[in-house]
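Keep the 3D view open as you read.

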Amino acid sequence: MSRPVGEPVRIDTTVAHSARMYDYYLGGKDHYQIDRDTAEIAARSWQAVRIAVRENRSFLARAVRHLVREQGITQFLDIGAGLPSAGNVHEIAQAEDPSCRVVYVDNDPIVLAHARSLLIGTPEGRTAYVHADLREPAVILDDPAVRGTLDLDRPVALMLVAILHFIVDEQEPGRIVRRLMEALPSGSFLVASHVTPEHDPDGVHGLEQAYRDGGVPAQARTRDAFTALAFDGLEVLDPGVTLVSEWRPDGDGPRPTADQVNWYGGIARKP
């Protein structure tokens, strides 16, 4: 069951959490020593991880702008939202269309503690936060904040950005994605991104092991495995499932190499 925003939370500072480690890589300030230590161990293996994280964040922004501008999407369900930072989904979406509605979902208590900053949007739009876990899709879909903020009879963009690689095969990530997409109407979209070992196997598998040793489940996947997991039965938009740095980049300037990014992303439409 989800926890209301504003309710006191207990944060375990002895176990690393992926959201806080991501915040650390982005240069944020909402993390603990265990998160920093685990992140640094991982970065020793994959030295370009900070470049990759920034590229993934930029992909998210471009994806949201595309969905609002080109696809007319005004509703977003962002699962694995992470800690508030510059360029949150509601900020990007509502800058394009102030009426956009966004529901954030995360299972890290520190994200819940900061959730009020995720709820400040335009007067015309709405934002909400649900403290829940991707591995329990029914809990998310039945939450009053989701039902009260989003109209599930109209298209919704489901955002699963940088989260599926924390769901190992034994937890059936494909089933989770299908359950969520089944609840959304035709014309909805899925935005997803995922770390891959294809371009730097030693570095990425070393990072993967560092996360696991720190108590954070992790599983990097190939492009084919990620595509089958996330986009089966959906219509993938051009340019397909590609490196996040190559998904409709802004401008023609130099971009990082594949072995620096190691991260695939894509957008697909539900027929």
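A residue is called buried here when its relative accessible area is under 20%, exposed when that area is over 50%, and partly exposed in between. Keep in mind that this is a predicted model.

**Aromatic pairs**

With that cut-off, Tyr 211 counts as buried, at 7% relative accessibility.

The structure holds four aromatic pairs. Another one is Tyr 24 with Tyr 25, whose planes are at 45° with ring centres 6.2 Å apart, so that pair is tilted.

| Residue | Relative accessible area | Class |
|---|---|---|
| Tyr 24 | 18% | buried |
| Tyr 25 | 3% | buried |
| Tyr 211 | 7% | buried |
| Asp 200 | 22% | partly exposed |

**Helix H1**

Tyr 24 and Tyr 25 are among the buried residues of H1, and so are Arg 20 and Asp 23. What does the covering of H1's buried residues include? Helix H2 (33-45), H3, S2, helix H5 (109-113), H9 and strand S8 (263-269) are in on it. Just past H1, Gly 27 takes a positive phi of about 90°.

**The cavity and the pocket**

Searching the whole structure turns up one cavity of 30 Å³ or more. The largest cavity has a volume of about 200 Å³. It is lined by 19 residues, and those closest to its centre are His 165, Phe 166, Val 195, Leu 207 and Tyr 211. Helix H1 (18-25), helix H3 (49-71) and helix H9 (201-213) each give two or more residues to that lining. By class, the cavity lining has 15 nonpolar, three polar and one charged residues.

The largest pocket holds about 630 Å³ of space. Of its 36 lining residues, His 17, Ser 18, Ala 19, Asn 107 and Phe 166 are the closest to its centre. H1 supplies the largest share of the pocket lining, four residues. The pocket lining divides into 21 nonpolar, nine polar and six charged residues.

Strand S1 (residues 75-79) runs parallel to S2, and five bridges join them. Gln 75 stands opposite Arg 101 in S2. On to strand S3 (residues 126-131): S2 pairs with S3 in the parallel sense over six bridges. There, Val 102 has Thr 127 in S3 as its bridge partner. Strand S2 (residues 101-106) is mostly covered, with five of its six residues buried.

**Back to Asp 200**

Asp 200 sits in the loop between strand S5 (189-195) and H9. Leaving out residues up to four places away in sequence, Asp 200 touches Trp 46, Asp 259 and Asn 262. The C-alpha atoms of Asp 200 and Pro 109 are separated by 33 Å, and the two are 91 residues apart along the chain.

Notes: Residues are numbered from 1 along each chain as its sequence is written. This is a predicted model: local features need pLDDT of at least 70, side-chain atom pairs count only at pLDDT 80 or more; totals for chains, interfaces and linings use all residues. Side-chain values use heavy atoms; hydrogens and water are left out. Buried means under 20% relative accessible area, exposed over 50%, partly exposed in between (1.4 Å probe, protein chains only). Two strands pair if DSSP finds at least two bridges between them. On a 1 Å grid over the protein atoms alone, a cavity is a set of points where a 1.4 Å probe fits but cannot get out, and a pocket is an open set with protein on both sides within 12 Å along at least five of seven lines; lining residues have an atom within 4 Å of a point. Grid points are joined across faces, edges and corners, and a volume is the space filled by probe spheres set on the points. Ala, Val, Leu, Ile, Met, Phe, Trp, Tyr, Cys and Pro count as nonpolar, Asp, Glu, Lys and Arg as charged, and the others, Gly among them, as polar. Contact means heavy atoms within 4.5 Å. Rings of Phe, Tyr and Trp (its six-membered ring) pair if their centres lie within 6.5 Å; planes under 30 degrees apart count as stacked, over 60 as edge-to-face and the rest as tilted.
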